[in-house]
Amino acid sequence: MEVVVKDWGVSLGYRRGALVVRKRGGGEQSVPLHQVDRVWILTGGVSISSRLVRALARHFVDVVFFDGRGEPAARLFPPEANGTVSHRRAQYEAYLTGRGFELAKLAVYGKVVNQAAALRRLGAWRRESYRLLADAASKVAGLAPRVLACGDPQCVLGLEGSAASIYWGAVSEAFGVPSRDPQGGDPFNLALNYGYGILRYAVWRQVVIHGLDPYAGYLHADRSGRPSLVLDLMEEFRPHVDLMVLKMRPGLDWLDGGVLKREARAALVERWLSLRLEPVIARQVAQAVAHLEGRSSYQPHRL
């Protein structure tokens, strides 16, 4: 069971083997810990007891905190859940062998292929824009093989940017949504940012579980505090978030004071959970480990 906390004044405690949720003004819910898969805290004004934190850690239950923009601000997890050191050694050695760069290229290849697939799927949703979306899908798909032929990160990033320009241009025209702008304050871009934040957390979680270093990537430049490997590995899943947000049709009623309402944030988390992508992400990260160790070649996820 996923426990999603979106309201102010909620208190989380522990009693007789159960997580107890108490709401301000009354109301209490008790959930046996063996039924709790994860606790999502999406707002401030929430208290959590140390006894509950210890109990959740013993049951390997994640507690994750998001800020209002969808940034995963903190995660509580037990110290044992961080994989093996041999995976990190392989990750660092892959810089020298080139296997790391090959992994990053395959992930971007997967993203571009999935963007083309998403455009075709959107054409079925919006029949009056089918030709526009189908043409864009063909152009994006044509860029994918060129990603695999790149010899340096600049080439990969350039092609990724070209695909994104075609992709978002067609989506914007067909659905009447604003162009993609990570700094945009409209409901569509804010919802996308929040969805990507959830995706980033999900990939980050698996990267740590599999014993990899989240900050040592191969495509995104190293910068203090930037989880470069997480950013590399999440690329091929972004079109899932795009489709999810487009289907939810965020409007002005999603906003309160220039940010997403708590109800909108909770709706995004619940829709994400309904996609059941996290087992797929776990398999892809395990594949990435095998690739970095030279045991097999990474196969990108297909939409």
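In which handedness of crossing does α3 pass α5? The crossing is left-handed. The structure is a predicted model.

**Helices α3 and α5**

- Two packed helices are described by the angle between their axes and the distance between the axes.
- For helix α3 (residues 99–125) and helix α5 (residues 153–175), the angle is about 15° and the axes lie 11 Å apart.
- Angles under 35 degrees count as roughly parallel, and therefore α3 and α5 are roughly parallel to each other.
- On the α3 side, the residues in contact include Phe101, Val108, Val112, Leu119 and Trp125.
- On the α5 side, they include Pro153, Val156, Tyr167, Val171 and Phe175.
- Sorted by class, this contact of α3 with α5 has 15 nonpolar, one polar and three charged residues.

**The sheet**

- An open sheet is formed by four strands in the order β1-β5-β7-β8, with mixed pairing.
- The edges are β1 (2–5) and β8 (72–76); each has a single partner strand, so one side of each is left without a neighbour in the sheet.
- On average, neighbouring strands of this sheet are turned by 15° against each other, direction ignored.
- Strand β5 (residues 38–41) pairs with strand β7 (residues 62–66) in the parallel sense, over four bridges.
- The bridge partner of Trp40 in β7 is Val64.

**The helix on the sheet**

- Helix α9 (residues 262–275) packs on the sheet and touches β1 and β5.
- The direction of α9 makes about 155° with that of β5.

Conventions:
Residues are numbered from 1 along each chain as its sequence is written. This is a predicted model: local features need pLDDT of at least 70, side-chain atom pairs count only at pLDDT 80 or more; totals for chains, interfaces and linings use all residues. Side-chain values use heavy atoms; hydrogens and water are left out. Axes are lines fitted to C-alpha atoms, for helices over the stretch in contact, and angles run from 0 to 180 degrees between N-to-C directions. Helices (H or I, at least four residues) and strands (E, at least two) are DSSP runs, numbered from the N terminus. Angles under 35 degrees count as roughly parallel, over 145 as roughly antiparallel, 65 to 115 as roughly perpendicular and the rest as oblique. A crossing is left-handed if the near helix is turned anticlockwise from the far one by less than a right angle, and right-handed if clockwise. Contact means heavy atoms within 4.5 Å. Ala, Val, Leu, Ile, Met, Phe, Trp, Tyr, Cys and Pro count as nonpolar, Asp, Glu, Lys and Arg as charged, and the others, Gly among them, as polar. Two strands pair if DSSP finds at least two bridges between them.
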